[in-house]
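Good morning, and thank you for joining this group meeting. Please look at the structure first, and I shall then describe its interfaces.

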There are 2 protein chains.
Amino acid sequence: MLEAAGEEFAEKGFDGATVRVICDRAGMNLAAVNYHFGDKEQLYEQAVLHAHRCGPGMPPAEDANVSPAEDLRHYVAAFLSNVVALQSPTWHQTLMLREMVNPTRASEALVREAIRPRFERLSGILRRLCPGEDDRRIQALSFSVVGQCLHYKLTRSISERLVGAEAFGRLDPEYLTDHITRFTLAALGEAPPFGSMTESHVSRKGALK
Amino acid sequence: MLEAAGEEFAEKGFDGATVRVICDRAGMNLAAVNYHFGDKEQLYEQAVLHAHRCGPGMPPAEDANVSPAEDLRHYVAAFLSNVVALQSPTWHQTLMLREMVNPTRASEALVREAIRPRFERLSGILRRLCPGEDDRRIQALSFSVVGQCLHYKLTRSISERLVGAEAFGRLDPEYLTDHITRFTLAALGEAPPFGSMTESHVSRKGALK
DNA sequence: GGTCGTTTCAAACAGACGTTTCAATCGAGT
DNA sequence: ACTCGATTGAAACGTCTGTTTGAAACGACC
């Protein structure tokens, strides 16, 4: 039942999905949804929570002896494949992404149990990479990483039209993992920057402004 | 008429908005929409195009003698205030953002006339900053910049809940402009990286992997 | 002033939707 | 075997939607 509802809500959204089609998919009667869940909105909430429970969990933490840089690379790779899932997203991932852009009452539990743990692990990695920075900076850095990853999913249709389907297809998960990781590490001074063959380039140019 | 439709579509979305309240807002009769535009979908398309025409245009190109780094800073500042518009978005900006996430037939014109020009200006700036990189890298770099900016808008509700309203409010446009510009320039080797007080830090650490 | 194409108006239509109703069915407890 | 609460079933209800209708009002032109 929740499976059928989740798939339908993920495909069509809350407004687009109808309780009739959901019940047909589940082989249930129309009245079952109101009997078991009350109304359509509560069914949606339960479907979102079900998507979180049955969806891909967070990969276990790395050993403490791997470098923060490697840690970040693994985080980005896992985020791109488990949350963004550009290639073949499951309905769990699609539905949770929908809830991120258009939050409902289910978003509170989703933030608490799925989003915040991921976010704090990322913040922890960045804190290890930038020991001196304050909380505001760590938050902004975390959003910079997550924003880069989510962008390919949230604006996929437009981005694909923007650069062409072939060029967009060449931005495959492996390349993006490399790119986002290196982009971030370079911004943090842990990898050689783009656009320069030598690191002396860094000190030759002045700081911004 | 298009004004009323645009405001309503921006607030409620295509499905949420009804032709009745649009006509009420515009002081028009219900049949006017079908007489002038054919149906609701074509009205929406015209409203999106109207939003693009009357919305904030792209600021003029910088002089050729300002540095690419300054150019990037102006681009990010303009993008955050004209496209993202975290503080007080007009319905034009909201409607075009909706069209980015949920594209309709109007998206083709929107990409051609509004999005691609902005994107190519950004690509041009990044190309000047990274003379050696190929097209794929420039595209990924452009998406990294745009993704950082749009993230605060597209996942605003969730991000606000994630870090708390006060902390989210501290990420004001000035701070974000600074952060995203510096983050990007540091990744490109044009600004000192985060997490290190001295530039020698860069060469002390090894490259990734 | 009359005429004709254009625009406005109130009303209604047809369909889809979430929800409700109430009788039928089931299943465990005694 | 009976009973009673829980569940399922088909049908209908009420509402809201986009769309259509046909008459009325308007405005320029001869």
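Predicted model: local features only at pLDDT ≥ 70, side-chain atom pairs only at ≥ 80, totals over all residues.

Two residues are said to be in contact if their C-beta atoms, placed from the backbone, lie within 7 Å. On that basis, 62 residues of chain B are in contact with 62 residues of chain A. On the side of chain B that touches chain A, α8(B) gives the most, with 13 residues. Helices here are DSSP runs (H or I, at least four residues), numbered from the N terminus. By class, this side of chain B has 35 nonpolar, 17 polar and 10 charged residues. Nonpolar means Ala, Val, Leu, Ile, Met, Phe, Trp, Tyr, Cys and Pro; charged means Asp, Glu, Lys and Arg; the others, Gly among them, are polar.

Residues are numbered from 1 along each chain as its sequence is written, while chains are lettered from A and ligands numbered from 1 in the order in which they are written.

I turn now to the DNA. A residue is near a strand if its C-beta atom, placed from the backbone, lies within 6 Å of it. Which residues are the closest to DNA strand D? Of the 14 that surround DNA strand D, they are Asn29(A), Thr18(B), Ala31(B), Asp39(B) and Lys40(B). The helix α3(A) gives the most to this surface, with four residues.

DNA strand C is also surrounded by 14 residues, the closest being Thr18(A), Asp39(A), Lys40(A), Asn29(B) and Ala31(B). Here the largest share, four residues, comes from α3(B).

Note on methods:
Helix = DSSP H or I, 4+ residues; strand = E, 2+ residues; numbered from the N terminus.
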